[in-house]
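Here are my notes for your first look at this model. Keep the structure open as you read.

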Amino acid sequence: MQTPDTPDPLARDCALIVLPTYNERESLESVVVDVLSCAPEADILIIDDASPDGTGRIADALAAADARVTVLHRSGKLGLGTAYIAGFHVALERGYGYVVEMDSDGSHQPAALPALLAAAREGAGLVIGTRWMPGGEIVNWPRYRRLISRGGTAFARRALRSQLRDLTSGFRVLSRETIELLELGSIDSEGYAFQVETAWRIERLGCTVAEVPITFVERTSGRSKMSVRIMREAFVNVLRWGRELRRAGPTRSAASPGNPEPAAIKRAR
Ligand SMILES: Nc1nc2c(ncn2[C@@H]2O[C@H](COP(=O)(O)OP(=O)(O)OP(=O)(O)O)[C@@H](O)[C@H]2O)c(=O)[nH]1
Ligand SMILES: [Mg+2]
């Protein structure tokens, strides 16, 4: 992995786009090419968990071809949540002002990056690329996936008293300041639960959250890593956090007891 010795002060205005990969050899190259063309000022960090299909070698070739791309290789499949936490640490060390979370399977459209980054630069601590809002769309998802996503979001919103409309969306921008506020060491969930946990914690911390409509396209290659275990983790964790929230009282949050006010949400953009 390439890492500069000292953070570049100019990096404060820049974004690090974190692309976690596990067996994404068919989609990774086109995602990286499109991201670099849609957000030419940003850098990319690919985090590959020793993909058996050779995705890591493709990532290395992409890094060798363009200095904006670097790769973090991990020893095995350690989960999406820990991949993003590793990416957050790298971004803080290198001095970036923003981190983008993005899938590398083609579901998240690089063309949405300018709007997401603009919302972050306008001051939102968290920008969520949102499917379930006017202007948002899902292409080619079967009915059961829509039901799981809508049902899961409705359940989590209610249990966590959240105002966010797409708690499980994985296409996001976090500001450096927001990442510094999150206690990264205490986040233990991955998959959908990781996305719900971080969004909800940020909302409860009182950061400004912007929701920007996105079009989500079902992957056309590779295989989903969604599993019953990941869905169960999300369900169990949301129930637990909801219980802690109710015990903490009507306005106080178990996740951020010192910050009772929920976030200011910027709605449609
Ligand atoms: N490094 C790393 N990446 C992972 C891991 N699990 C999933 N990913 C990547 O995280 C992104 C999201 O995973 P997906 O399998 O697409 O999950 P999803 O988007 O919820 O499911 P689909 O909609 O079916 O694609 C993809 O780029 C995966 O390759 C992991 O354990 N480690
Ligand atoms: Mg996906």
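1. Start with one term. Two residues are in contact if their C-beta atoms, placed from the backbone, lie within 7 Å. Keep in mind that this is a predicted model.

2. Now the helix pair. Gly 152, Phe 155, Ala 156, Ala 159 and Leu 160 are the residues of H5 in this contact. On the H8 side they meet Ala 234, Val 238, Leu 239, Trp 241, Gly 242 and Leu 245. Sorted by class, the contact of H5 with H8 holds nine nonpolar and two polar residues, with no charged ones.

3. Next, the geometry. Helix H5 spans residues 143–160, and helix H8 spans residues 228–248. Their axes come within 8 Å and cross at roughly 20°. Angles under 35 degrees count as roughly parallel, so H5 and H8 are roughly parallel to each other. The crossing of H5 past H8 is left-handed.

4. Turn to the ligand. Which residues come nearest to ligand 1? They are Pro 20, Tyr 22, Ser 104, Ser 224 and Lys 225, out of 20 residues around it. Strand S1 (15–21), strand S2 (43–48) and helix H3 (80–94) each supply at least two residues of the shell. By class, the shell around ligand 1 has eight charged, seven nonpolar and five polar residues.

5. Last, the whole chain. The protein chain has eight helices and 10 strands. It has 269 residues, and 45% of them count as buried. Take the contacts in the chain with a separation of 6 or more: 82% of them join residues 24 or more positions apart.

Note on methods. Residues are numbered from 1 along each chain as its sequence is written. Chains are lettered from A and ligands numbered from 1 in the order in which they are written. This is a predicted model: local features need pLDDT of at least 70, side-chain atom pairs count only at pLDDT 80 or more; totals for chains, interfaces and linings use all residues. Axes are lines fitted to C-alpha atoms, for helices over the stretch in contact, and angles run from 0 to 180 degrees between N-to-C directions. Helices (H or I, at least four residues) and strands (E, at least two) are DSSP runs, numbered from the N terminus. Angles under 35 degrees count as roughly parallel, over 145 as roughly antiparallel, 65 to 115 as roughly perpendicular and the rest as oblique. A crossing is left-handed if the near helix is turned anticlockwise from the far one by less than a right angle, and right-handed if clockwise. Ala, Val, Leu, Ile, Met, Phe, Trp, Tyr, Cys and Pro count as nonpolar, Asp, Glu, Lys and Arg as charged, and the others, Gly among them, as polar. A residue is near a molecule or strand if its C-beta atom, placed from the backbone, lies within 6 Å of it. A residue is buried if 20 or more other C-beta atoms lie within 10 Å of its own, exposed if 12 or fewer, and partly exposed in between; C-beta atoms are placed from the backbone.
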